[in-house]
Amino acid sequence: MARKEKSDGGIVETVKTIVYALLIAGIFRTLFFQPFWIPSGSMKDTLLIGDFLFVNKMAYGYSKYSCPFAMCPVSGRVLISEPERGDVVVFSHPVNGSDFIKRLIGLPGDTVQLRGGKVILNGTELPQVPSGEFVETYDRQGPMGNLPRCENSAGAVGVGADCTKSRYTETMPATETMPEGRSYEVLNIDTNGFADNTDVFTVPEGHYFFMGDNRDNSQDSRYGQAVGGVGFVPAENLIGRADRIMFSSAGSSLFYFWTWRADRFFKAVE
(Lines give C-alpha, C1' and ligand atoms only; values in the text may rest on other atoms or scores of the structure.)
Protein backbone atom coordinates (compact mmCIF):
# COMPACT_ATOMS: atom_id res chain seq x y z
CA MET A 1 0.00 0.00 0.00
CA ALA A 2 2.80 2.37 0.96
CA ARG A 3 4.55 1.55 -2.29
CA LYS A 4 1.40 2.43 -4.31
CA GLU A 5 0.99 5.76 -2.45
CA LYS A 6 4.63 6.57 -3.13
CA SER A 7 4.14 5.76 -6.83
CA ASP A 8 0.97 7.91 -7.00
CA GLY A 9 2.79 10.75 -5.26
CA GLY A 10 5.64 10.53 -7.80
CA ILE A 11 3.18 10.79 -10.70
CA VAL A 12 1.49 13.83 -9.12
CA GLU A 13 4.85 15.56 -8.62
CA THR A 14 5.82 14.85 -12.23
CA VAL A 15 2.54 16.31 -13.51
CA LYS A 16 2.99 19.38 -11.29
CA THR A 17 6.52 19.88 -12.57
CA ILE A 18 5.33 19.72 -16.19
CA VAL A 19 2.47 22.16 -15.49
CA TYR A 20 4.82 24.61 -13.75
CA ALA A 21 7.32 24.36 -16.60
CA LEU A 22 4.59 25.06 -19.17
CA LEU A 23 3.33 28.04 -17.16
CA ILE A 24 6.82 29.51 -16.85
CA ALA A 25 7.45 28.96 -20.58
CA GLY A 26 4.11 30.59 -21.41
CA ILE A 27 4.83 33.62 -19.24
CA PHE A 28 8.35 33.95 -20.72
CA ARG A 29 6.94 33.72 -24.26
CA THR A 30 4.19 36.24 -23.56
CA LEU A 31 6.20 38.87 -21.70
CA PHE A 32 9.78 38.61 -22.93
CA PHE A 33 10.80 36.65 -26.03
CA GLN A 34 8.84 34.68 -28.63
CA PRO A 35 10.59 32.15 -30.90
CA PHE A 36 10.08 32.71 -34.62
CA TRP A 37 11.14 30.69 -37.67
CA ILE A 38 11.56 32.44 -41.03
CA PRO A 39 9.33 30.52 -43.47
CA SER A 40 9.65 32.63 -46.64
CA GLY A 41 12.15 34.68 -48.62
CA SER A 42 10.50 38.10 -48.35
CA MET A 43 13.23 39.47 -46.05
CA LYS A 44 16.32 38.17 -47.91
CA ASP A 45 19.14 38.74 -47.47
CA THR A 46 18.62 40.20 -43.99
CA LEU A 47 16.73 37.04 -43.00
CA LEU A 48 16.93 33.71 -44.82
CA ILE A 49 14.48 30.82 -44.90
CA GLY A 50 15.38 28.64 -41.91
CA ASP A 51 16.67 31.43 -39.67
CA PHE A 52 15.49 31.03 -36.08
CA LEU A 53 15.25 34.09 -33.86
CA PHE A 54 13.69 35.36 -30.66
CA VAL A 55 11.33 38.33 -30.94
CA ASN A 56 11.83 40.99 -28.28
CA LYS A 57 8.29 41.51 -26.95
CA MET A 58 9.36 44.17 -24.46
CA ALA A 59 10.41 46.53 -27.26
CA TYR A 60 7.02 48.12 -28.02
CA GLY A 61 4.81 47.20 -25.08
CA TYR A 62 1.95 44.73 -25.04
CA SER A 63 -1.44 44.16 -26.64
CA LYS A 64 -3.85 41.26 -27.01
CA TYR A 65 -1.56 39.94 -29.78
CA SER A 66 1.24 39.43 -27.27
CA CYS A 67 -0.47 36.20 -26.22
CA PRO A 68 -0.92 33.11 -28.41
CA PHE A 69 -4.19 33.25 -30.40
CA ALA A 70 -4.54 36.97 -29.43
CA MET A 71 -5.91 35.94 -26.02
CA CYS A 72 -4.29 38.60 -23.81
CA PRO A 73 -7.04 40.54 -21.97
CA VAL A 74 -5.62 43.90 -23.09
CA SER A 75 -7.35 46.78 -24.87
CA GLY A 76 -5.06 48.73 -27.20
CA ARG A 77 -1.41 48.75 -26.04
CA VAL A 78 0.12 49.08 -22.60
CA LEU A 79 3.67 50.04 -21.56
CA ILE A 80 4.02 51.62 -25.00
CA SER A 81 7.38 52.33 -26.60
CA GLU A 82 7.31 53.61 -30.18
CA PRO A 83 9.12 51.65 -32.91
CA GLU A 84 11.70 53.35 -35.13
CA ARG A 85 11.89 53.45 -38.91
CA GLY A 86 14.06 50.60 -40.10
CA ASP A 87 13.16 48.20 -37.28
CA VAL A 88 12.51 44.60 -38.34
CA VAL A 89 9.16 43.84 -36.72
CA VAL A 90 6.96 40.79 -36.18
CA PHE A 91 3.25 41.65 -36.29
CA SER A 92 -0.11 39.97 -36.60
CA HIS A 93 -1.57 40.25 -40.11
CA PRO A 94 -4.59 42.60 -39.85
CA VAL A 95 -6.81 40.19 -41.81
CA ASN A 96 -5.77 36.57 -41.38
CA GLY A 97 -4.03 36.84 -37.98
CA SER A 98 -0.85 35.03 -39.05
CA ASP A 99 2.53 36.31 -37.84
CA PHE A 100 4.46 38.34 -40.43
CA ILE A 101 7.94 39.84 -40.30
CA LYS A 102 8.84 42.95 -42.33
CA ARG A 103 10.85 46.16 -42.07
CA LEU A 104 9.14 49.29 -40.76
CA ILE A 105 9.30 52.02 -43.40
CA GLY A 106 6.55 54.50 -42.53
CA LEU A 107 5.42 55.90 -39.17
CA PRO A 108 1.99 57.48 -38.52
CA GLY A 109 1.66 60.64 -40.62
CA ASP A 110 4.44 59.68 -43.07
CA THR A 111 3.94 59.59 -46.82
CA VAL A 112 5.44 56.64 -48.71
CA GLN A 113 5.70 56.10 -52.44
CA LEU A 114 7.70 53.80 -54.75
CA ARG A 115 9.15 55.21 -57.97
CA GLY A 116 11.38 53.01 -60.08
CA GLY A 117 11.82 50.65 -57.14
CA LYS A 118 13.08 53.40 -54.83
CA VAL A 119 11.30 54.55 -51.68
CA ILE A 120 10.16 58.16 -51.51
CA LEU A 121 9.67 58.89 -47.80
CA ASN A 122 8.01 62.21 -46.96
CA GLY A 123 8.97 63.51 -50.40
CA THR A 124 12.65 62.50 -50.18
CA GLU A 125 14.14 59.52 -51.99
CA LEU A 126 15.95 57.06 -49.74
CA PRO A 127 19.44 56.63 -51.19
CA GLN A 128 20.34 53.21 -52.58
CA VAL A 129 23.99 52.35 -53.23
CA PRO A 130 24.85 49.21 -55.26
CA SER A 131 26.50 46.55 -53.06
CA GLY A 132 27.12 43.63 -55.40
CA GLU A 133 24.91 40.60 -55.93
CA PHE A 134 23.11 38.22 -53.63
CA VAL A 135 23.79 34.69 -54.91
CA GLU A 136 22.00 31.54 -53.80
CA THR A 137 21.46 28.09 -55.27
CA TYR A 138 18.30 27.62 -57.28
CA ASP A 139 16.74 24.74 -55.36
CA ARG A 140 13.90 24.08 -52.97
CA GLN A 141 14.39 25.80 -49.63
CA GLY A 142 13.21 24.99 -46.11
CA PRO A 143 10.40 22.67 -44.97
CA MET A 144 7.94 24.27 -47.42
CA GLY A 145 10.23 23.59 -50.40
CA ASN A 146 9.96 27.09 -51.87
CA LEU A 147 11.95 27.91 -55.01
CA PRO A 148 13.66 31.32 -54.99
CA ARG A 149 12.94 34.01 -57.56
CA CYS A 150 15.95 35.14 -59.58
CA GLU A 151 16.87 38.32 -61.42
CA ASN A 152 18.81 36.22 -63.93
CA SER A 153 15.83 33.96 -64.74
CA ALA A 154 15.97 35.01 -68.40
CA GLY A 155 19.13 32.91 -68.53
CA ALA A 156 17.08 29.74 -67.90
CA VAL A 157 18.20 29.10 -64.32
CA GLY A 158 18.10 25.38 -63.59
CA VAL A 159 18.15 23.43 -60.34
CA GLY A 160 21.59 23.68 -58.78
CA ALA A 161 22.57 26.79 -60.75
CA ASP A 162 23.29 30.24 -59.30
CA CYS A 163 20.22 32.38 -58.67
CA THR A 164 21.25 36.04 -58.47
CA LYS A 165 19.65 39.30 -57.38
CA SER A 166 21.06 42.82 -57.41
CA ARG A 167 21.75 44.10 -53.90
CA TYR A 168 21.64 47.70 -52.68
CA THR A 169 22.33 49.43 -49.39
CA GLU A 170 19.36 51.62 -48.50
CA THR A 171 19.64 54.29 -45.81
CA MET A 172 16.93 55.85 -43.66
CA PRO A 173 16.95 59.56 -42.69
CA ALA A 174 19.14 60.54 -39.72
CA THR A 175 17.63 60.48 -36.23
CA GLU A 176 18.85 61.42 -32.77
CA THR A 177 19.69 57.80 -32.02
CA MET A 178 21.24 57.21 -35.47
CA PRO A 179 22.80 60.47 -36.74
CA GLU A 180 24.08 58.77 -39.90
CA GLY A 181 20.77 57.03 -40.59
CA ARG A 182 20.04 53.31 -40.42
CA SER A 183 21.34 51.29 -43.37
CA TYR A 184 20.31 47.81 -44.50
CA GLU A 185 20.44 45.64 -47.63
CA VAL A 186 17.58 45.31 -50.11
CA LEU A 187 17.30 43.07 -53.17
CA ASN A 188 15.92 43.65 -56.65
CA ILE A 189 14.50 41.05 -59.03
CA ASP A 190 12.30 42.91 -61.53
CA THR A 191 12.90 46.16 -63.39
CA ASN A 192 9.79 48.26 -62.91
CA GLY A 193 7.94 45.36 -61.30
CA PHE A 194 4.29 45.45 -60.26
CA ALA A 195 4.90 47.32 -56.98
CA ASP A 196 7.99 49.32 -58.04
CA ASN A 197 5.77 52.30 -58.89
CA THR A 198 2.89 53.20 -56.60
CA ASP A 199 0.57 55.99 -55.61
CA VAL A 200 1.41 58.01 -52.51
CA PHE A 201 0.44 56.22 -49.28
CA THR A 202 -0.32 58.42 -46.26
CA VAL A 203 0.07 56.37 -43.09
CA PRO A 204 -2.95 56.91 -40.79
CA GLU A 205 -2.56 57.71 -37.10
CA GLY A 206 -2.09 54.57 -35.04
CA HIS A 207 -0.82 52.58 -38.04
CA TYR A 208 2.47 51.62 -39.70
CA PHE A 209 3.75 50.90 -43.22
CA PHE A 210 5.94 47.81 -43.75
CA MET A 211 7.98 46.41 -46.62
CA GLY A 212 10.09 43.30 -47.18
CA ASP A 213 13.79 43.69 -47.98
CA ASN A 214 13.38 41.31 -50.95
CA ARG A 215 11.37 44.03 -52.62
CA ASP A 216 9.95 42.13 -55.57
CA ASN A 217 9.03 39.08 -53.51
CA SER A 218 7.04 40.52 -50.60
CA GLN A 219 3.30 40.92 -49.99
CA ASP A 220 3.54 43.96 -47.74
CA SER A 221 1.92 47.36 -47.14
CA ARG A 222 2.15 48.22 -50.84
CA TYR A 223 -0.61 45.68 -51.41
CA GLY A 224 -4.14 46.17 -50.13
CA GLN A 225 -5.64 43.75 -47.66
CA ALA A 226 -8.38 42.86 -50.15
CA VAL A 227 -5.75 41.18 -52.38
CA GLY A 228 -3.88 39.40 -49.60
CA GLY A 229 -1.48 42.20 -48.77
CA VAL A 230 -0.70 43.72 -45.40
CA GLY A 231 -1.94 47.26 -45.98
CA PHE A 232 -1.57 49.63 -43.02
CA VAL A 233 -0.86 47.73 -39.81
CA PRO A 234 -2.57 48.92 -36.58
CA ALA A 235 -0.25 49.66 -33.65
CA GLU A 236 -1.90 47.01 -31.48
CA ASN A 237 -0.92 44.32 -34.02
CA LEU A 238 2.80 44.79 -33.33
CA ILE A 239 4.25 41.78 -31.48
CA GLY A 240 7.91 42.65 -31.12
CA ARG A 241 11.26 43.51 -32.66
CA ALA A 242 13.66 41.02 -34.24
CA ASP A 243 17.07 41.68 -32.71
CA ARG A 244 19.26 38.64 -33.26
CA ILE A 245 19.33 35.35 -35.18
CA MET A 246 20.02 32.50 -32.77
CA PHE A 247 20.24 29.58 -35.19
CA SER A 248 19.96 28.94 -38.92
CA SER A 249 19.46 25.89 -41.11
CA ALA A 250 19.22 25.73 -44.89
CA GLY A 251 17.72 22.22 -44.91
CA SER A 252 14.19 20.89 -44.83
CA SER A 253 14.77 19.48 -41.34
CA LEU A 254 16.45 20.85 -38.23
CA PHE A 255 18.21 17.51 -37.82
CA TYR A 256 20.16 17.84 -41.09
CA PHE A 257 23.18 19.27 -39.27
CA TRP A 258 25.19 19.51 -42.50
CA THR A 259 22.78 22.27 -43.65
CA TRP A 260 23.31 24.45 -40.57
CA ARG A 261 24.60 27.94 -41.31
CA ALA A 262 27.08 28.43 -38.47
CA ASP A 263 28.06 31.89 -39.75
CA ARG A 264 24.53 33.13 -38.97
CA PHE A 265 24.38 31.88 -35.37
CA PHE A 266 23.90 34.82 -32.96
CA LYS A 267 24.00 37.31 -35.84
CA ALA A 268 22.45 40.73 -35.14
CA VAL A 269 19.46 41.75 -37.29
CA GLU A 270 20.41 45.05 -38.89
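Both arginine 167 and aspartate 45 are buried, where buried means under 20% relative accessible area, exposed means over 50%, and partly exposed falls in between (1.4 Å probe, protein chains only). Their side chains meet in a salt bridge at 2.8 Å, N to O; the term covers a side-chain nitrogen of Lys or Arg within 4 Å of a carboxyl oxygen of Asp or Glu. The two partners sit 122 residues apart, with arginine 167 in strand E9 (residues 162-171) and aspartate 45 in the loop between strand E1 (33-37) and strand E2 (51-56). Strands here are DSSP runs of at least two residues (E), and helices are runs of at least four (H or I), with numbering from the N terminus.

A quick word on the ground rules: this is a predicted model, so local features need pLDDT of at least 70 and side-chain atom pairs count only at pLDDT 80 or more, while totals for chains, interfaces and linings use all residues. Residues are numbered from 1 along each chain as its sequence is written, and side-chain values use heavy atoms, with hydrogens and water left out.

In total, the structure holds 14 salt bridges. Another of them pairs glutamate 84 with arginine 182, with 4.0 Å between the closest N and O atoms. Glutamate 84 lies in the loop between E2 and E3 and arginine 182 in the loop between E9 and strand E10 (183-188), so this pair ties together parts that are 98 residues apart in sequence. Glutamate 84 counts as partly exposed because its relative accessibility is 33%, whereas arginine 182 is buried, with a relative accessible area of 15%.

Then there is glutamate 136, which forms a salt bridge with lysine 165, the closest N and O atoms lying 2.6 Å apart. Glutamate 136 belongs to strand E8 (residues 128-137) and lysine 165 to strand E9, 29 residues apart. Both glutamate 136 and lysine 165 are buried. Salt bridges with shared partners join Lys44, Glu136 and Lys165 into one network.

E8 and E9 also belong to an open sheet of 3 strands, ordered E8-E9-E10, with antiparallel pairing; two strands pair if DSSP finds at least two bridges between them. E8 and E10 stand at the edges with a single partner strand each, so one side of each has no neighbour in the sheet. On average, neighbouring strands of this sheet are turned by 35 degrees against each other, direction ignored; the axes behind such angles are lines fitted to C-alpha atoms (for helices over the stretch in contact), and angles run from 0 to 180 degrees between N-to-C directions. E8 and E9 pair over 8 bridges, and valine 129 stands opposite threonine 169 in E9.

Elsewhere, strand E4 (residues 99-106) is mostly covered, 7 of its 8 residues being buried. Strand E3 (residues 88-92) runs antiparallel to E4 and is joined to it by 5 bridges, with serine 92 opposite aspartate 99. E3 and E4 make a hairpin with 6 residues between them, and glycine 97 in the turn has a positive phi of about 80 degrees. E4 also pairs with strand E12 (residues 207-211), antiparallel over 3 bridges, and here glycine 106 stands opposite phenylalanine 209.

At 4% relative accessibility, serine 249 counts as buried. Its side chain makes a polar contact of 3.1 Å with that of threonine 259; such a contact is a pair of N or O atoms within 3.5 Å, where within protein one must be able to donate a hydrogen and the other to accept it, and residues adjacent in sequence count only if both atoms are side-chain atoms. Leaving aside residues up to four places away in sequence, serine 249 touches Ile49, Gly50, Thr259, Trp260 and Arg261, contact meaning heavy atoms within 4.5 Å.
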